[in-house]
Amino acid sequence: MPDGRFDMNEKTTAELEKLRDLIDGVDQQLLLLLRKRLDLVAQVGAVKHSAGLPIYAPEREAAMLAKRRAEAETMGIQPQLIEDVLRRLMRESYLNEKDVGFKQVKEDLGKIVIVGGKGQLGQLFAQMFSLSGYEVHLLDKDDWQRAAAMFEGAGLVLVTVPIAVTCELIRDKLTQLPTDCILADLTSIKTAPMAAMLETHQGPVVGLHPMFGPDVGSFAKQVVVVCHGRQAQAYDWLLEQIKIWGARLVEAEAIKHDKAMQLVQAMRHFSTFVYGLNLCREQADMQSLLQFSSPIYRLELAMVGRLFAQSPELYADIIFAQKDSLKAISDYLANYAEALTVLESGNRDEFIRRFREVTQWFGDLAPQFQHESRAMLQSVNDMKSH
Ligand SMILES: O=C(O)C(=O)C[C@]1(C(=O)O)C=C[C@@H](O)C=C1
């Protein structure tokens, strides 16, 4: 509410004005300090670029945060405050260090061809390879007549096309790659594309799954799943390169990865889809939902709403990709229906018994998640402007 609506006498107004002027001065000093920090970070970026060091330095971050927290405490400042500020600043560092470019791990690779390179994820990888000094060529739907020339002398062919056509494309179109060329893919399931790549190409093969969308500002702290295919020593540089971009690599067997994806992707996206479908069918009044939303509900609405801002084809592909996802989703429906019978029967004690069962199953993770989500919810609240 603007101050004007309160009845303020002249003395209060003058006092407030004076104090606010002082606060403005402090904030301006903060800006100068931020400028200074950004300049230093740019210098760190340049040093790292020439030394080929990863953008993300977890040990340095942990040590720095611990020191600043302790110092804050002695100054009567909440340690969490300086931690929040520094984490936000480091996010800025990841973006700024990226612009300097990255060390090129493999200098004699030859070209990189990104099949499906005009898709968003393809473009992101193209940008990262270009920032690292590689010669990148994009091959999209209409470019197949030029494919043979493009593949000639290629050191890496990276496939990032919709899941539904990935295997067929690999088997039909990637039969003539140079023998020592690495064949890799970014598909969000791994078993079938890996099999198709290993069958079609006799050289090095590796499956990758970036666990993030193309709208991330930087690779720092993001996870990329790696499924080893063949001749790991030949694509070692690629993994090293991705680590320099700041990502964390998680090695997994394709089958285990795909099983996890049934829950992490198919089931989750499907239930988010149904949540949105339900809001739509119920003709929910979004304005009042937003007005009455607690921060956790606002976050939930944002997570549901963001799905519908994206491509339906992409999500259909992810959800329809594995037949076994149907089982995971059906199990969810069965659990929902069964829990509903508890509600229908009015058995409150039974509900509480089940609740406790799940709490026990989550174990230490439940309080950990509560702690983590508290910080997220506070950020959601910070973003409100009225
Ligand atoms: O010290 C570094 O290595 C930096 O890149 C700077 C910085 C920072 O902003 O302080 C940024 C990213 C790293 O993860 C750690 C610290």
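1. In this predicted model, the contact between helix 6 and helix 7 is made by Thr166, Cys167, Ile170 and Arg171 on the helix 6 side. Their counterparts in helix 7 are Ala192, Pro193, Ala196, Met197 and Thr200. By class, six residues of this contact are nonpolar, two are polar and one is charged.

2. Two packed helices are described by the angle between their axes and the distance between the axes. For helix 6 (residues 163-173) and helix 7 (residues 191-200), the axes come within 9 Å and cross at roughly 0°. Helix 6 is therefore roughly parallel to helix 7, since angles under 35 degrees count as such.

3. Seven strands form an open sheet with mixed pairing, in the order 2-1-3-4-5-6-7. Strand 2 (136-139) and strand 7 (248-251) are the edge strands; each has a single partner strand, so one side of each is left without a neighbour in the sheet. On average, and with direction ignored, neighbouring strands of this sheet are turned by 25° against each other.

4. Within the sheet, strand 4 (residues 182-185) pairs with strand 5 (residues 205-210) in the parallel sense, over three bridges. Leu183 stands opposite Val205 of strand 5. Helix 7 packs on the sheet, where it touches strand 4, strand 5 and strand 6 (223-230). The direction of helix 7 makes about 35° with that of strand 6.

5. The surroundings of the ligand comprise Val41, Val44, Tyr56, Ala57, Arg60, Glu61, Leu89, Met90, Ser93 and Glu97. Helix 1 (10-51), helix 2 (58-74) and helix 3 (79-99) are the elements that give two or more residues to this shell. Helix 3 gives the most, with four residues. By class, the shell around the ligand divides into six nonpolar residues, one polar residue and three charged residues.

6. On confidence, the mean pLDDT of the protein is 94, and 98% of its residues reach 70 or more. The model scores ipTM 0.98 and pTM 0.87. Where pLDDT is low, the predicted coordinates should not be read in detail.

Conventions: Residues are numbered from 1 along each chain as its sequence is written. This is a predicted model: local features need pLDDT of at least 70, side-chain atom pairs count only at pLDDT 80 or more; totals for chains, interfaces and linings use all residues. Axes are lines fitted to C-alpha atoms, for helices over the stretch in contact, and angles run from 0 to 180 degrees between N-to-C directions. Angles under 35 degrees count as roughly parallel, over 145 as roughly antiparallel, 65 to 115 as roughly perpendicular and the rest as oblique. Two residues are in contact if their C-beta atoms, placed from the backbone, lie within 7 Å. Ala, Val, Leu, Ile, Met, Phe, Trp, Tyr, Cys and Pro count as nonpolar, Asp, Glu, Lys and Arg as charged, and the others, Gly among them, as polar. Two strands pair if DSSP finds at least two bridges between them. A residue is near a molecule or strand if its C-beta atom, placed from the backbone, lies within 6 Å of it. pLDDT is the predictor's confidence in each residue, from 0 to 100.
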